[in-house]
Amino acid sequence: MKLDFEKQDDDYVARFIPRKEHQGYIGITHGGIISTLVDEAMARFAWAEGRRCVTAEMTVRLKTPARTGEPLTVRGRIVSEDRRTISCAAEVIDDEGRLVAEATARMVKI
């Protein structure tokens with residue numbers, strides 16, 4: 001997705017503007033793209049923090065459609081960690097402050 005993340009407090013944050021090729025229905029960003037954004041935010045944060053891991057399981061809840069051409073902010077964070085796994089959370093917010101999607105994931109350390 002070529003996202004440029006930066007750390008903000010306890011989150012890993014990036015901006016993304018979905019284009020026409022990211023749409024499912026006309027003018028609406030495909031849910032698979034939104035799911036990829038939250039997965040990227042969670043996994044990239046864990047790796048940036050020095051934790052080598054892969055996504056083992058992820059739950060995504062799509063809340064409101066994201067329009068193509070309108071900027072989105074994706075935020076990921078580490079919630080907890082044990083010896084073998086890392087629990088993460090993420091969300092996508094549109095420029096009007098609406099929650100587009102929220103996600104949780106369990107990452108397995110490799």
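**Salt bridges and a surface patch**

Glu-81 forms a salt bridge with Lys-109, their closest N and O atoms lying 2.7 Å apart, where a salt bridge is a side-chain nitrogen of Lys or Arg within 4 Å of a carboxyl oxygen of Asp or Glu. Because Glu-81 lies in strand β4 and Lys-109 in strand β6 (residues 99-109), the pair ties together parts that are 28 residues apart in sequence; strands here are DSSP runs (E) of at least two residues, numbered from the N terminus. This is a predicted model, in which local features need pLDDT of at least 70 and side-chain atom pairs count only at pLDDT 80 or more, while totals for chains, interfaces and linings use all residues. Residues are numbered from 1 along each chain as its sequence is written, and side-chain values use heavy atoms, leaving out hydrogens and water.

**Salt bridges**
- The structure holds 14 salt bridges.
- Asp-11 pairs with Arg-77 in a salt bridge whose closest N and O atoms are 3.0 Å apart.
- Since Asp-11 lies in strand β2 (residues 11-16) and Arg-77 in strand β4 (residues 72-81), this pair ties together parts that are 66 residues apart in sequence.
- The side chains of Arg-98 and Glu-96 also meet in a salt bridge, at 3.4 Å from N to O.
- Salt bridges that share partners join Lys-7, Glu-49, Arg-51, Glu-81 and Lys-109 into one network.

**Exposure**
- Both Asp-11 and Arg-77 are buried, a term for under 20% relative accessible area, with exposed meaning over 50% and partly exposed in between (1.4 Å probe, protein chains only).
- Glu-96 is exposed, at 61% relative accessible area, whereas Arg-98 is partly exposed, at 36%.

Terms used
Helices (H or I, at least four residues) and strands (E, at least two) are DSSP runs, numbered from the N terminus.
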